Amino acid sequence: MTVTTFLARPRVLAVATALGLAATLLPAQPAEAASRIKGPYFGMTDSDVSTFPSARPGAVRLWDSGVTWREIETAPGVFDFSRLDAAVNTARSRGSDVLLVLGQTPKFHAKRPGASSFYAPGASSAPKLTPWKRYVRKVAARYKGRGVDYQVWNEANVPGFWSGSPAAMAELTKVTWKVLNNVDPRAQVVSPALATRLSGQRKWLRTFYAQRTGGARVERWLDVVSLNLYPLTNEGPEASMKLLAASRSMLRALGVTKPIWNTEINYGLQIGGGGKARDITRRKEAAYVARTYVLNAANDVRRVYWYSWDLQRLANTELTYATGALTPAGTTWSVVRSWLKGTRSLGCSRAGNGTYTCTFKYGSGVKRVYWNPSRKASVTTVSSATRLTYQTGGSTAIRGGKRIGVDFAPVMVRSRR
């Protein structure tokens, strides 16, 4: 199991009240100012490393994959890399970048061997630094030049994953950066993933990024900021963007300007220690996937890792059935990638009736993605519109200036301008 808020224990506040945000969308910008959306933007967690997602993601995050530190170093100084080797080889052979989460701590290297954990006693403890450095050095040397990046920890602001302080995590981040920079300077150091769903988690985030270690703010010792943007149980992608806006505001106030990756996202996760996610329709699952990747791209999130390709029952949006066959959401994952890959975001707008329009520029034209998360509505296509595509992948020719119906399931209209 993962994750953020399925197992989180802090008191919950209503997100709308806690955030008090009127808007969550970045303003429109010229196409030349936006980054081109590349393959690694489309990431997934692949928990079963014996298989590989048929959608061929551009990036794979290895978490809940049997390849944490405590599963690799099986006794002091004894390392078994067979499972991790297989995962890296499989991902790289299919053109996917790899993000390896470096924790959890083997009990025999834990400063607090009895620390409670979601996995095993001591796994959430801060490690002794000498064996940590040795482990990071061995991993970095083994995969140097292989397209592997490294995340310091998973959800350090959730007690079952990390029982240390923000200051201890800042020190561990600095140590990790120094080892990796020495062994493989091209590998990106991704900050510990931080949950953002609860007010206490966001407070921890602010405290962590205010830390100074090694004579510098903790931002000095990382290349990427990692956020896990799960909203509350009954909320969808638009609420997730409120969490992004609140987190980004805190980071900017502290002078943190590094790129942001959304390293875990799904919907319907329960709070407080158990329970199946609230079911939604398969069509809505697919809509959540499409809206997630469109909104994150429009809000300058550089990578999004769906949790997870083969997850069953924990969250409400599944990409595969238990048989491994694609759900409609799994199909839509590939469809939305075809919409966005190679484009540059021109930003999103929201009409008074709640209808979203997100615009993306590509070589020979413009793509506009429309939806309304709460009601049926209509939009008028631009005069140069040529084709309408549904989240299922089906499409039809369309005339410019035509009114089309929209609801919670996004549609994409291609036009010459």
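I began with Thr320, which I found in the loop between strand β13 (301–306) and helix α9 (328–340); helices (H or I, at least four residues) and strands (E, at least two) are DSSP runs, numbered from the N terminus. The model is a predicted one, in which local features need pLDDT of at least 70 and side-chain atom pairs count only at pLDDT 80 or more, while totals for chains, interfaces and linings use all residues. Residues are numbered from 1 along each chain as its sequence is written, and side-chain values use heavy atoms, with hydrogens and water left out.

**Thr320**

I looked up the accessibility of Thr320, and at 4% relative accessibility it counts as buried, a word that I use for under 20% relative accessible area, with exposed for over 50% and partly exposed in between (1.4 Å probe, protein chains only). A polar atom of the Thr320 side chain lies 3.5 Å from the backbone oxygen of Trp309. Setting aside neighbours within four places in sequence, I listed the contacts (heavy atoms within 4.5 Å) of Thr320 as Trp309, Asp310, Gln312, Ala325, Leu326 and Thr327.

**Helix α5 and Thr176**

Next I checked helix α5 (residues 166–183), whose 18 residues should span 26 Å at 1.5 Å a residue, and its end C-alpha atoms are 26 Å apart, which agrees; the expected span is 1.5 Å times one less than the number of residues. Among the buried residues of α5 I noted Pro166, Met169, Leu172, Trp177 and Val183. The elements covering the buried residues of α5 include α4 (129–142), β6 (148–151), β7 (189–190), α6 (199–209) and β9 (212–213). Thr176 is also in α5, and it is buried, with a relative accessible area of 0%. Apart from residues within four places in sequence, Thr176 is in contact with Leu102, Trp132, Val136 and Val152.

**Helix α7**

I made the same check on helix α7 (residues 237–253), where 17 residues should span 24 Å at 1.5 Å a residue and the end C-alpha atoms are 25 Å apart, which agrees. Helix α7 is mostly covered, with 13 of its 17 residues buried. Gly255 follows α7, and I noted that its phi is positive, near 80°.

**Ile72**

I placed Ile72 in helix α2 (residues 69–72) and found it buried, with a relative accessible area of 2%. Not counting residues up to four places away in sequence, Ile72 touches Val67, Val78, Phe79, Asp80, Phe81 and Leu84. I also looked up Tyr135, which is 63 residues from Ile72 along the chain, and the two C-alpha atoms are separated by 9.3 Å.

**Nonpolar cores**

A nonpolar core is a set of buried Ala, Val, Leu, Ile, Met, Phe, Trp, Tyr and Cys residues joined through side-chain atoms within 4.5 Å. The largest core holds 93 residues, and those with the most contacts inside it are Tyr209, Tyr293 and Leu340. Leaving aside neighbours within four places in sequence, I found Leu340 in contact with Ile37, Tyr41, Phe42, Tyr293, Val294, Ala297 and Phe360. A second, separate core has eleven residues, including Val158, Ala195, Leu269 and Leu311.

**Aromatic pairs**

I then turned to the rings of Phe, Tyr and Trp (its six-membered ring), which pair if their centres lie within 6.5 Å, planes under 30 degrees apart counting as stacked, over 60 as edge-to-face and the rest as tilted. The structure holds 23 aromatic pairs. In one of them, the rings of Tyr356 and Trp371 have their centres 4.9 Å apart and their planes at 0°, so the pair is stacked. Tyr356 lies in strand β15 (residues 356–362) and Trp371 in strand β16 (residues 365–371), 15 residues apart, and both are buried. I also noted one aromatic cluster formed by Tyr41, Phe42, Tyr267, Tyr288, Tyr293, Trp306 and Trp333.

**Gly354**

Gly354 sits in the loop between β14 (344–350) and β15, and at 5% relative accessibility it counts as buried. Beyond its neighbours within four places in sequence, Gly354 is in contact with Trp371, Asn372 and Pro373.

**Lysines over rings**

Last, I looked for charges over rings, where NZ of Lys or CZ of Arg must be within 6 Å of the ring centre and within 35 degrees of the ring normal. Lys284, in helix α8 (residues 282–298), lies over the face of Phe408 at 5.8 Å from the ring centre. At 27% relative accessibility, Lys284 counts as partly exposed. Lys284 and Phe408 are 124 residues apart in sequence and 7.4 Å apart in space, C-alpha to C-alpha. The charged end of Lys367 sits over the ring of Tyr362, 5.2 Å from its centre.

How values were computed:
A polar contact is a pair of N or O atoms within 3.5 Å; within protein, one must be able to donate a hydrogen and the other to accept it, and residues adjacent in sequence count only if both atoms are side-chain atoms.
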